[in-house]
Amino acid sequence: MSVEQLMNPQIDVWSTETILDRTLSVWDPRSECRFVVARPSDEPTLWEEYLEGALAGYRKYGAEKALEYRRIQAGDTTALFFVAIDPNGSVAAGVRAQGPYLVADQAHAITEWGTDPGAPAVRRMIEDRLPFGVVEAKGAWVSDTAARRGELVGALGRIATFSMDLLDVQFMLATAASHVLDTWRTTGGMVADHIAPVPYPDDRYETRLMWWDRSRRRGRAESMQLAQLLLTTSRPTPSAGIATGTGGNVVRPMRSVS
């Protein structure tokens, strides 16, 4: 993934706090789940359910180190999180977003590459994109018992890209094990092929760096779903309102990448 051009960004200081003023939600017909997006402090019950599901999912593979449960538990390192609510009212999947970043060292990818030879290239890619806005997707999980698990995996990745719109940035990064790369590619993610994978959290895994670019056009269905999310007018609660319930404009100078 090489940079084609920069388009003279206006490098301003922006707030990382005033990012979402209410809980939002949208129905996903493919997974038959309602996705809810909120700040941890606004929906503490849902946040706890997200954490419980993430911990169970990561523990199943012996990968708790990658989740860093104690560090993220309070919610202050998470800008927003998404959860999928199934027809029974249970949290069936989730992912969280960190950022927007002000410096590259805020990105967890820097820690994951550590002293690896590819670390300088990871840092350069992040620093190159900071003026345009960068967030990082972390802690994605999907329940093994979800009725439409395949569809839910795809929906989670697709809807996670909405964090770029909600947080007013052009780029989202994530680190992913090799076995899920094809799934994330279907959501518009591009692997940084020139950066070799690292064995994170341990030697059982080959972790790669991926990027999403908000300036690349989404499909019609995704665009309509984002519009529906942004048009949420009622604030669901972690009870019946979320299971049955249904924005903000964002502008930043953009650049193209390949």
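Let me begin with a definition: a residue is called buried when its relative accessible area is under 20%, exposed when that value is over 50%, and partly exposed in between, using a 1.4 Å probe and protein chains only. By that scale arginine 22 is buried, with a relative accessible area of 19%.

The model I am showing is a predicted one, in which local features need pLDDT of at least 70 and side-chain atom pairs count only at pLDDT 80 or more, whereas totals for chains, interfaces and linings use all residues. Residues are numbered from 1 along each chain as its sequence is written, and side-chain values use heavy atoms, with hydrogens and water left out.

Arginine 22 sits in the segment before strand E1, where helices (H or I, at least four residues) and strands (E, at least two) are DSSP runs numbered from the N terminus. Its side chain reaches the backbone oxygen of leucine 230 at 3.4 Å, a polar contact in the sense of a pair of N or O atoms within 3.5 Å, where within protein one must be able to donate a hydrogen and the other to accept it, and residues adjacent in sequence count only if both atoms are side-chain atoms.

Strand E1, residues 24-28, is mostly covered, since 4 of its 5 residues are buried. Glutamate 32 is partly exposed, at 36% relative accessibility.

That brings me to backbone geometry elsewhere. Most residues other than glycine have a negative phi, and most peptide bonds are trans. Aspartate 168, in the loop between H7 and E6, is not a glycine, yet has a positive phi of about 60 degrees. The peptide bond from glycine 99 to proline 100 is cis, with omega near -5 degrees, and proline 100 lies in the loop between strand E4 (91-98) and H4. Another cis bond joins tyrosine 200 and proline 201, with omega about 5 degrees, and this proline 201 is in the loop between strand E7 (190-191) and E8.

Next, the charged pairs. A salt bridge here is a side-chain nitrogen of Lys or Arg within 4 Å of a carboxyl oxygen of Asp or Glu, and a search of the whole structure finds 16 of them. In one, arginine 71 pairs with glutamate 68, with the closest N and O atoms 2.7 Å apart; arginine 71 is partly exposed at 39%, and glutamate 68 is partly exposed at 23%. In another, glutamate 222 meets arginine 158 at 3.6 Å, N to O. Because glutamate 222 lies in helix H9 (residues 220-230) and arginine 158 in helix H6, this pair ties together parts that are 64 residues apart in sequence. Glutamate 222 is buried at 17%, and arginine 158 is buried at 10%.

Aspartate 165 and arginine 214 also meet at 3.6 Å, N to O. With aspartate 165 in helix H7 (residues 163-166) and arginine 214 in the loop between E8 and H9, the pair ties together parts 49 residues apart in sequence. Aspartate 165 is buried at 10%, and arginine 214 is buried at 12%. Salt bridges that share partners also join Asp28, Arg30, Arg158 and Glu222 into one network.

Finally, where is the most given to the lining of the largest pocket? Strand E5 gives the most, with 6 residues.
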